[in-house]
Each structure stands twice: as structure tokens, then as C-alpha cells.
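These are my notebook entries on one protein model, written down in the order in which I looked things up. I start with the surface and then turn to the ligand, the backbone and the charged pairs.

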Amino acid sequence: MKIVVTGSKGNIGSAVVDYARSQGAHVLGVDNVGRGDGLGNYIAADLTDLGSCYDVVRGADAIINLAAIPDSKMFPNAQTFMTNVAITYNVFLAAAHLGVGRVVWASSIQVNHTVPPHRPVRYRYFPLDEDHPVDPQSDYALSKYVGEVIADAFARDFGLTTVSLRFTDVVTLQRWPTLPAPVDPGTQYPLPHYVHIHDCARACYLAATAPLPPGSHTVAFIAARDTHIDMPSRELAQRYYPDAELRADIQDHDALISGKRAEAAFGFVPQFSCRSR
Ligand SMILES: NC(=O)c1ccc[n+]([C@@H]2O[C@H](COP(=O)([O-])OP(=O)(O)OC[C@H]3O[C@@H](n4cnc5c(N)ncnc54)[C@H](O)[C@@H]3O)[C@@H](O)[C@H]2O)c1
């Protein structure tokens, strides 16, 4: 199986490349860093350019699209929004025109919980699931929300099988030993959701390879089964999100986000918890 992984020089992309290769996939990494290796393992391309997109995704069975400006305030607002939407649109269009059957791409928890928020973060209920209304509050969050709309449209109009993975806070190996941690006293709206980078990489691979209904669009949170905050979850919910209804028997440090969709759709069950290692 040939998988094109975009953003392959980035934190998550490099982990996805390693994991997919360990599973026997033939992987072409694409990023706009440096130059290619000339061997077909890595090619440098700016994916805001549609022609380059066509070239690099040709012949793939699936694309895992992680290339993006990964947060607000790194570049001017319009650049973040336009770059991310251009990459997403180009990748989906090239896939549709060239017959690549599946596109998995990185959306974000920030469609629900922008960091830092400009307005209060309101959760109607916990565990949060994919049916909860979104509230993108930044250029970055908006680019991810628009990306989900694009993924939905290409599934409907071109019969592509698409998966929008709403990554939570993806924890790198360097940061892992610092968790769990207290709530930052400077924040009014703590983001209690996280996922270990190795779980995140496996989720991408499963979403790209597991059987899914052709022409479907799946939106799924990718999160650990607990929070990375040392305050018990019920206390955290009541203190910071008092309007939220608790719809499950949440105990100890149980996640306030549901992983049911990712498990049911493509078999993703997180293996890492910052409380057991
Ligand atoms: N890290 C997280 O906690 C997190 C959470 C939610 C979503 N995400 C999303 O996951 C994806 C990967 O994030 P990351 O943390 O690995 O970020 P990263 O910055 O480490 O990786 C992104 C990569 O995309 C590449 N890129 C940017 N513009 C490009 C272009 N025009 N053409 C080709 N490549 C380009 C960059 O060079 C970089 O290597 C992003 O889409 C990000 O928005 C990340």
C-alpha cells in the first residue's frame, strides 16, 4: 500500500511516517523543508501549489495530510487561514481528480476549544463528542473547521472516503514526562484533552487503512482515556464548565471527551495514559 504523508518533517508527520513504515506501507513523505532524497522516500513541495499537489499524490492509495501552519500567532491571521485552507483544498482536489480513494487529514480540538479563546468556552455536555456544536474562535480554528466542510463536500461530490481527525493536544516524547500537571493558574478555560504522539500516529494509520464505507466522511476525536490535569475530572468540569451536563459516570481523571467514534469507525483505542507508564 502506498501512503503519502504530508507535513512529514513535522512532529506528528515524522511519527506517522515511522509508524506506517513499521506496518509495511510504502510511504512518500512530503514537506516544504529542504529538498527531497531523490529516492522516493521524501520530496520537498509547497502544497499551496496545486500543480505540486497533483505531482506528489499521484499513484497513492491514501493520503494522510498533516501539512499546515499548526497554530495561531505564528504568522499573520490571513496567512494561517489561507495557507491551511489552500493545502487542504488542493490535497482533496488532487486526490479526487487522480483517483486516490482516501484522504485522512488533521483537524483539531480547536474547532471546539480555541486556545486561547476570545469568548468563553461553553460545553453543553461531557463527555464531549463529535455531535457537539463547534465554536472556532481563531484564524487557525476556522481553517480547521473549513477543512472539515471541504472533507465533507469531497466525500459527497466525488465519492472520496475522508476522515477528519480532531487531534487533541498531541504530547511529544519530550513533554511526556511533565504530565499530569496542575491547571495553569493563568487560564480560565483549561483544555483537559491530550493524546500521546505514538497513539496519534497509530490513529492516522488506522484511519487510512481500516475498512470504511466508500464515500463517507468520518469526524473523530483522537484523545487519551484520561485528562492530563491532576484535578479530578468532575471537579474540573464543575469548576470551569459549570453549565455542562455530565452524561456519563465520570470518575477520577476520566476523559471529558469521547473516544467512541474513533473506536467504532476505525478501531482506534489509545494505549498511552500519562498516569500509567
Ligand atoms: N500538535 C498538536 O497538538 C496538534 C493538535 C491538533 C491538530 N494538529 C494538526 O496536526 C498537523 C501536524 O501538526 P504538528 O504538530 O506536527 O506541526 P508541525 O509544524 O510540526 O508540522 C507541520 C508540517 O507542515 C509543513 N508545512 C507547512 N506548510 C507547508 C506547505 N505549504 N507545504 C508543505 N508542507 C508544509 C511544515 O514544514 C511542518 O513540517 C497540523 O495540521 C496541525 O494543525 C496538531
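**Entry 1: a surface patch**

Which residues form a nonpolar patch on the surface, and how much accessible area do they have together? Before answering I note that the model is a predicted one. I found that Leu 142, Tyr 145 and Val 149 make up the patch, and that together they have about 240 Å² of accessible area. I then looked up Tyr 145 by itself and found that its place is in helix 4. Its relative accessible area is 33%, so I wrote Tyr 145 down as partly exposed.

**Entry 2: around the ligand**

I next listed the residues around the ligand, of which there are 26, and noted that Ile 12, Asp 31, Asp 46, Tyr 140 and Val 170 come nearest.

Strand 5 gives the largest share, which is 3 residues.

I also looked for backbone atoms beside the ligand's oxygen atoms. A backbone N or O atom of Ile 12 lies 2.9 Å from an oxygen atom of the ligand, while for Leu 66 the corresponding distance is 3.1 Å and for Ala 68 it is 3.3 Å. The ligand taken alone exposes 820 Å², and I noted that the protein buries 85% of that.

**Entry 3: two buried residues**

In helix 1 I picked out Val 17, which has a relative accessibility of 7% and therefore counts as buried. Val 17 and Val 5 are 12 residues apart along the chain, and I recorded a separation of 6.8 Å between their C-alpha atoms.

Is Ser 216 buried or exposed? I found a relative accessible area of 15%, and because buried means under 20%, Ser 216 is buried. This residue lies in the loop between helix 5 (197-209) and strand 10 (217-222). A polar atom of the Ser 216 side chain is 2.5 Å from the backbone oxygen of Pro 213.

**Entry 4: the backbone**

I reminded myself that most residues other than glycine have a negative phi, and that most peptide bonds are trans. With that in mind I looked for exceptions and wrote down four of them, beginning with the peptide bonds.

The bond from Val 115 to Pro 116 is cis, with omega near -10 degrees, and Pro 116 has its place in the loop between strand 5 and strand 6 (125-126). The bond from Phe 126 to Pro 127 is also cis, with omega near -5 degrees, and Pro 127 lies in the loop between strand 6 and helix 4.

For phi, I noted that Lys 73, which is not a glycine, has a positive value near 70 degrees. Lys 73 is found in the loop between strand 4 (62-65) and helix 3 (77-98), and with a relative accessible area of 66% this residue is exposed. Asp 252 likewise has a positive phi, of about 45 degrees, although it is not a glycine. The loop that holds Asp 252 runs between strand 11 (245-246) and helix 7 (260-266), and at 58% relative accessibility Asp 252 counts as exposed.

**Entry 5: salt bridges**

How many salt bridges does the count come to? I noted 12, and I looked up some of them in detail.

In the pair of Arg 119 and Asp 135, the side chains meet with 2.5 Å from N to O. This pair links distant parts of the chain, 16 residues apart, since Arg 119 is in the loop between strand 5 and strand 6 and Asp 135 is in the loop between strand 6 and helix 4. Arg 119 counts as partly exposed at 43% relative accessibility, and Asp 135 counts as partly exposed at 23%.

Asp 199 forms a salt bridge with Arg 202, and their closest N and O atoms are 2.8 Å apart. Because the two are 3 residues apart in helix 5, Asp 199 and Arg 202 are separated by about one helical turn. Both Asp 199 and Arg 202 are buried.

Asp 55 and Arg 58 also form a salt bridge, with 3.1 Å between the closest N and O atoms. Here I recorded Asp 55 as partly exposed at 47% relative accessibility, whereas Arg 58 counts as exposed at 53%.

Key. Residues are numbered from 1 along each chain as its sequence is written. This is a predicted model: local features need pLDDT of at least 70, side-chain atom pairs count only at pLDDT 80 or more; totals for chains, interfaces and linings use all residues. Side-chain values use heavy atoms; hydrogens and water are left out. A residue is near a molecule or strand if one of its heavy atoms lies within 4 Å of it. A polar contact is a pair of N or O atoms within 3.5 Å; within protein, one must be able to donate a hydrogen and the other to accept it, and residues adjacent in sequence count only if both atoms are side-chain atoms. Accessible areas come from the Shrake-Rupley method with a 1.4 Å probe; for residues, only the protein chains shown count as cover. Helices (H or I, at least four residues) and strands (E, at least two) are DSSP runs, numbered from the N terminus. Patches are made of residues with over 30% relative accessible area and no salt bridge: like charges are joined within 9 Å, nonpolar side chains (Val, Leu, Ile, Met, Phe, Trp, Tyr) within 5 Å. A salt bridge is a side-chain nitrogen of Lys or Arg within 4 Å of a carboxyl oxygen of Asp or Glu. Buried means under 20% relative accessible area, exposed over 50%, partly exposed in between (1.4 Å probe, protein chains only).
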